[in-house]
Amino acid sequence: RTQVEHLASATANGTAIPEQTSAWLKTIDECLRGRLLAVGLVPKSTEETKAEQEAAAEQSAVRLSDFIGRYIESRTDAKIRTVRKWRTTRRLLTEFLGADSNLVAITAGDANRFKLHLLKMKKEDGTKFYSPSTLGKHIEGAKLFFTAAVDDAIRTDNPFAKVKGSKAVNEDRVRFISQDDIRKCIDATPDRQWKLIIALSRFGGLRTPSEHVRLRWEDVLWDQNKIVVHAPKTEHHEGRGDRHVPLFPELLPF
């Protein structure tokens, strides 16, 4: 009882524990020590403090792969092609950082190293695996995932915030396709549907395939000589859910 009173006095006054009480603490069993610890009369050992910290870290850990997977599933508003891109970004992130890595522990350094990893990836012929625009899409995807983690109060910062992607267009892939060349392609197609798909793309300027698959007979306004094109890529912008395309003479045969 005397030793407990010494502990209570030292705790209340913020003073050091007497030497004889410290010596006594080394002789007591774990049961008694646990009872004293529970009411705050003895300090935690280094091992106990470390164990608590590890337990807290484990409890607060959020698996990178699980969080991104849940986020993608929650985005029921996203287009199919967008979801496919996000899933690819998820795969690249989890392959590089580890599927079991703690979302909270990922740093800005990890984010920069991820970008460098993508930059270093090569095809069999030695050329870069990802074009600047594709690499930029993956960086933007990763940035989106961690922004969601901040919004959910899982993180306080976005490690990808300062990682710059690229929205540059690869000019090497830009071509002007003449009417003569496109007609050769149309002639080589096996049926009327394929002929129409190519004609709408080249002569009507429809995005392939998203705008084609939404086209219905009632969208062809014969009396007004135009087509209503529904644009899933821009429909989230006000007033840009659809547009009118003239029923050009080049389209009429198809």
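**Entry 1: helix 6.** I looked up the buried residues of helix 6 and found V83, W86, T89, L92, L93, T94 and L97. Buried means under 20% relative accessible area, exposed over 50%, and partly exposed in between (1.4 Å probe, protein chains only). Helices (H or I, at least four residues) and strands (E, at least two) are DSSP runs, numbered from the N terminus. The model is predicted: local features need pLDDT of at least 70, side-chain atom pairs count only at pLDDT 80 or more, and totals for chains, interfaces and linings use all residues. Residues are numbered from 1 along each chain as its sequence is written, and side-chain values use heavy atoms, with hydrogens and water left out.

I noted that the cover over these buried residues includes helix 5 (64–74), helix 7 (108–120) and helix 8; contact means heavy atoms within 4.5 Å. Just after helix 6, G98 has a positive phi of about 100°.

**Entry 2: S133.** I located S133 in helix 8 (residues 132–151). S133 counts as buried because its relative accessibility is 19%. Its side chain makes a polar contact with the side chain of S131 at 3.2 Å. A polar contact is a pair of N or O atoms within 3.5 Å; within protein, one must be able to donate a hydrogen and the other to accept it, and residues adjacent in sequence count only if both atoms are side-chain atoms.

**Entry 3: loops.** I found A153 in the loop between helix 8 and helix 9 (179–187), with a positive phi near 65°. A153 is exposed, because its relative accessible area is 67%. I also recorded a cis peptide bond from T208 to P209, with omega near 0°.
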